[in-house]
Amino acid sequence: MMTTMAAEVRASDLFVESLENEGVEFVFGLPGEENLDVLDSLRKSKKIKLVVCKHEQAAGFMAATIGRVTGKIGVCLSTLGPGATNFTTCAAYSQLGGYPMMMITGQKPIRASKQGSFQIVDIVQMMTPLCKFTKQVSEGELLLSLVRRSTKIAETEKPGPVHLEIPEDIAGESVPYHPPFPVFPVRRAIAEMKAIDSAVKMIVEARSPLLCIAAGANRARTARALRQFVDALGIPFITTQQGKGVIDERHPLFIGTAAISANDYVHCASDEADLIINCGHDTVEKPPFFMHRDDRTKVLHINFYASEVDEVYFPHCDVVGDIANALWQIKEVIKEPQPHWDFGWFMTVKQFVDKHVADHWQDTRYPFTPQRVIAAIRQAMPEDGVVCLDNGMYKVWFARMYKTYRQNTLLLDNALATMGAGLPSAMAVKLKYPDHKVFGVCGDGGFAMNSQEIATAVEHGIDVTCIVLNDNAYGMIEWKQHTAGFQKWGLGIVNPDFVALAESFGAHGHRVNSSEELEPTLEKVINLKGVHIVEIPVDYTLSTEILGPVLAERVKELVSLKPKIPVAREPVEVPAPMDKEPEPKPEPAPVAVPAPVPVKVEKQAAPKGSTGPLKYPYYLGNVPVFANEDLEVIDKATGEVHAVCAQADEAVVDKAIAAADRASKQMAAMPSYKRKAVLERAVVEMKERFEELALALCAEAGKPIKDARGEVGRLIDTFTIAAEESVRIYGEYAPLDISSRVEGFSSIVRRFPLGAISMVSPFNFPLNLAAHKIAPALAVGCPFVMKPASRTPIGALIIGDILSKAPELPAGAFSILPCTRASADLFTVDPRFKMLSFTGSPDVGWKMKERAGKKKVTLELGGNAACIIDEVVPDIDAVVKSVIHGAFYQSGQSCISVQRIFVNASIYGRVRDAIVAASQKLRMGDPRDEATFIGPMIDVKEADRVERWVEEAEAAGGKVLCGGVRNGRFYPATVMENAPHQCDVYSNEVFGPVACIESYDDFENVVERVNASRFGLQAGVFTRNVNKAFFAFENIEAGGVVINEVPSVRVDSQPYGGVKDSGLGREGIRYAIEDMTEPRVMVMKNVGKLQ
Ligand SMILES: Cc1ncc(C[n+]2csc(CCOP(=O)(O)OP(=O)(O)O)c2C)c(N)n1
Ligand SMILES: [Mg+2]
C-alpha cells in the first residue's frame, strides 16, 4: 500500500533493506558496471557482508551452500551477460539439489541504453528452465514485493533457485520509501489421513520393512522425527548419499549408504526388504536402489511432494506432505516394533558392511588408497566438523565409508554432481559457522576449476582447509573408461605444484610426502588458522578393483550367508488409525543394541586379495600406524605365523608419552557423558566383533574357543562397568570445624585424574587384563600408553582399533605399542608418566617398582593359590568340577589358578580319586575345537619349564597321580600328591596345568599352611560352616577369599589384587579408578555465611 507522502529513496537501497529483512547475511559476487548502485547500497549495509569472489560460478556455489545448510536463501550477485551466464551451473546445482538461492544480475538500462546489444543476452530466458522463478525488474517500486515473493518461492518445498535481473537505471531510480513486507513462516501442508492409514497398513503388514533416508529428509525437524521413528519402531535404515548424517550413522540400526545404485552390500538388504519406506527421495539423486516390476519389494514414498515415476521408481503409495509430521503420525499408530518383523538378515548385512566397507583403510601404500585418506579425515574431524566434497572418484568412497554423525556435516553433491563446488562450499560453511572445523575435499581436476577462490579465502580471512586428492587424472572418468572397455586416453592431468600455488595466493601449502605423514598432517592443519591447501597423492588402482570384481565376489559371499528357507507369513493385525489431531511428543529412549549374531567358528581368514598373515598396526596417539611388520605373532596351536604387527622402538614410545602428556589436560576436562559415550560405543563394537575377538584370542594365546568367548564376554562386562562408573566418580563433603581454632571451616574432596598412565599387560588374558587398565583410565580421563605382551598383542590392538574411532578422544589420548623389552624401558622410568600399572610376573614387577621413581605403581603379580576343601561340603562332585576348572582352564596360565589343594582327611581319598579321574578325561588339543579343554601353552620354553618343575618335585618325593608327560607345547592336566613344600611346583607360581594335593586334619592348621607362602592373591574355601568361612576370611593373608568356590573366580567389578609378593594396589573398575585418581580438597572458610 503506497502513501503519497512517502520519502524518496534509491531503489537499490530499498532492495538491500528487503534482503536484510529476509535475514540475508552474505552476498557473494563479482560486481560489474551494471550493478554499481546495488554495490553502493551493500556498502552501507550493517547486516550484510559482501564477499567479492574471483568467479561468479564460485559465488553461486557459495550462495547455494548457504541455502543448503540453513534452509534460507543464499544470495549471489553478478553483472549482466558474461557474469550472468557464469551463474548457470550453480543455478542447476541449486535446482537439482533443492537449495534455496537468489541470483541477482545486472543489466543495461532498459529505458534508454545507448550501447545497442553490447553484452546483452536474454538472461531471464536463459534462467527460465533452471529456476523456480525469474524476472526482470521493470520498476524500482516492485523490488519490495519481488524480493518477498521470490524468497518465498525459493524457500518453499522443493527449495531451489530464483533470479532477479535489476537493470542499471531501475536500481538507481528514486522511489517512495516503504518498509519491506513482513516475513511470516509458511507452514507445510500435512499428509492426508487416508494416505497415513495406507502407509501404516503397508508397514505393519510387511515382514521386513526397511527405511531409506534421502535428501528431502535432510531438514532439522525431519531429522528429529526420523530418529524418533527409528528408535520407537526399531526399523533399520539405509541412506542415499544426500541423506547421510540425518541420523547419526553410529546408530545400531544403520545398515549403510547406497553409494551406487545396485550390487553393493546395502542392496543385499534392500533387495530382501518387502517394503522400502523411502523418505525424502527425489529422482534427481542417483537411485539408491532399482525397483523391479515383479512387485517383490513395495515402496512407500514419503515426501513434501509426490513421486515422479521413472523406469526404476514407481512407488505403490505416496504420502505427500510434511515428512516430520507424516512420520510422527505413522509412529503414533504403530507405536512399537511388531512381533512378526524380522530384521535378522538386515543385521547380518550390517555386520558385513561394518566389517568390509572400509577394507584397506589401513593400507600403507603411497600414494594412498582413498579409504585410508577418508579414515584419516574422519579421525581428524570433530563430531561437528564439516567436509565439503567436490565431484570425483573419492565421492563414492566418502558415501560408502565416511561415518557421518550429524546432519549437514558431509556436503556431497549427488544431484548435479558438478565439479568445482568443493572449495567454494567449504568457504561458505566456514563463513556461516566460524566455530566449526571445515575441510573442502577436491580431486586435482575439480580443484582446478575454482582454485582461484583461494585468493578470496585469503582476502576475507576464511580459515578453511582444502584437501586436494591428486591422482594426476580425471580419475572417475578413467574408471568408467576402463570398465567400459575403452582404451586409456585423454584423461591425464599435468598439475601445478600445489604447495607453490597455495603460497602464491598467500595461503599455506602442504604436501603429504609419505605414508606416515598423513594423519599427523591432518591433525596439525585442522588446528591451524588461515587458508591451507593439502595435497594428498592418491592411487585409485586398487579402488577400481574393489568396486569391480572384489565387490562382486564379496556380495556373493554375503548372499551365501542368507537363510535358505523363507519364513512362513502369518496374517497380521493392523492397528486402528488415530482419531485425533497429531501433536509433537517428547523423544523416546533409544532402542537396545541388537545382540551379536552367532557365527560358525572358522579359522580367522586373511582378508581377500591379501596374501600371507594378517597385518596389524600399532596405535600412536590414537592413530593406526603400519610402520613395519617386525613382530610376528605365532598361532600357538599350529606354530605358524598368524599375524605380523608393527613394533615400536624407543623413539616411538617417547613420542607416545609426549602425546599422552599433552593430552592430559584435555582428557581430564572431558565431560563424564563423553567418557561414557566412548566406553559405551566400544561395547557396541565389541559385541559386533565378538567372534573376531574370540578367534584372535584363540590363535594368539592358544586359548580354547570356549574360554576365548568367555574372555570376550568379560571384556564387554569390564567396559560396561567402566561406562557406568564413569559418571559416578563422586566426591564428599566434610566438616573441618573440629576445634575452636578452625571454626567455620569445611571442605569438599574431589578426585582428579592423575595424568598419563604407563600400562604393561600380560599374555594370558590379552583382552580382559588390558581392559582392566584401559577402561578405568578412559572412565576417569587419564591418557595412557600401553605395551601389550609381545606374544599376544592382537587383543589390545583390536581395542585400539575400536578406540581409534572415538571422536571424543583428544589427540594423543592413547597409544598401544607392542615393543621389545629392550625398547620398553621408558614405560618404567619416564617421569611424564604419573602411574605405572603392571600385570605380569613377580620378578619383573618388583624390579620395575624399584626403578619407577616418583610415579604411583600398581602391580598385579602372580600367586600359588590355595583351595581348602572342608569335610562339610555339600556336593563333592560339584566341588571336583570347580577344582578341575580352576586348576586347568587355559592350561593353568592364570594368576589365580588352583595350585595347592588341601582336602580334609575324612574325604581325602574320595576327592583325590575324583579329581584324578576327571583330569584324565580332559580333552587336550586344537583350541579351535569346541570340545578342547586344554590348549597349548604359550611357548615350548614354558611347557618345558613346567615339565622340569614336576620332575624335580617327583625326584624329591612327590607323586605324580596323572599327567606329567609333555608333548611339544602341550602339557596335560597334572595332579601331584604331597609335593615337598620347598619345591617350585608348590612354592613358586607354576603358571601351568599342575595342581598339588594333600590332606589336612585341623582347619586352623590348614589356614597356616595356606599362609606359608610368599604370595597372597586369592584363596578358595569350600565349607558349610559359617564360622570356618569367617575364620578363613579373617585369617587368610590374601587380596580375596572365595567361599564355596575355587580361588580362580574373578568378577570384573570386585576389588582384585594381592598382598605380599602378589602385588600392590587393586584392579576392578571402581578400585582402579581410585588408584588412577588422587583426592584434592577444597578447604572453605565461612562459606554460606552472608555477614
Ligand atoms: C563441471 C563438470 N565437468 C565434468 C564433469 C564430469 N566428471 C565427473 S568426475 C570427473 C573427473 C574428476 O576428476 P578429479 O577432480 O581429478 O577427481 P578424481 O575422479 O580424479 O578423484 C569429471 C570430468 C562433472 N561432473 N562436472
Ligand atoms: Mg583426479
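Let's start at ligand 1, where one of its nitrogen atoms sits 3.5 Å from an N or O atom in the side chain of Asn 391. Keep in mind as you look around that this is a predicted model. An oxygen atom of ligand 1 is 2.6 Å from an N or O atom in the side chain of Asp 444. Gly 446 takes part through its backbone instead, with an N or O atom 2.7 Å from an oxygen atom of the ligand. On its own, ligand 1 would expose 590 Å², and the protein buries 78% of that area.

Now widen your view to the whole shell. Ligand 1 is surrounded by 19 residues, and the closest of them are Asp 444, Gly 446, Gly 475, Met 476 and Tyr 540. Sorted by class, the shell holds 10 nonpolar, 7 polar and 2 charged residues. Three helices, α15 (393-401), α17 (444-450) and α19 (475-483), each provide at least two residues of this shell. Which helix gives the largest share? That is α17, with 4 residues.

Next, follow the chain to helix α24, which runs over residues 672-688. Several residues of α24 are buried, among them Arg 675, Leu 679, Ala 682 and Met 686. An α-helix has 3.6 residues a turn, so residues three or four places apart point the same way. What covers the buried residues of α24? The cover includes α25 (690-701), α26 (705-726), α27 (768-780) and α28 (794-803).

Is Arg 689 buried or exposed? Its relative accessible area is 15%, which is under the 20% cut-off, so Arg 689 counts as buried. The side chain of Arg 689 makes a polar contact of 2.7 Å with the side chain of Glu 685, and Glu 685 is itself one of the buried residues of α24. Leaving out residues up to four places away in sequence, Arg 689 touches Ile 798, Asp 801, Ile 802 and Lys 805.

Our last stop is Thr 828, found in helix α29 (residues 825-829). Thr 828 is buried, because its relative accessible area of 4% is under 20%. Beyond its neighbours within four places in sequence, Thr 828 is in contact with Met 848, Arg 851, Ala 852 and Lys 855. For a sense of scale, Thr 828 and Ile 104 are 724 residues apart along the chain, and their C-alpha atoms are separated by 68 Å.

Key
Residues numbered from 1 in each chain as written. Chains lettered and ligands numbered in written order. Predicted model: local features only at pLDDT ≥ 70, side-chain atom pairs only at ≥ 80, totals over all residues. Heavy atoms only, no water. Expected span 1.5 Å × (residues − 1). Buried < 20%, exposed > 50% of the residue type's maximum accessible area, 1.4 Å probe, protein only. Contact = heavy atoms within 4.5 Å. Near = heavy atom within 4 Å. Polar contact = N/O pair within 3.5 Å; in protein donor to acceptor, adjacent residues only side chain to side chain. Areas by Shrake-Rupley, 256 points an atom, 1.4 Å probe, with all protein chains shown as cover. Nonpolar A, V, L, I, M, F, W, Y, C, P; charged D, E, K, R; others polar.
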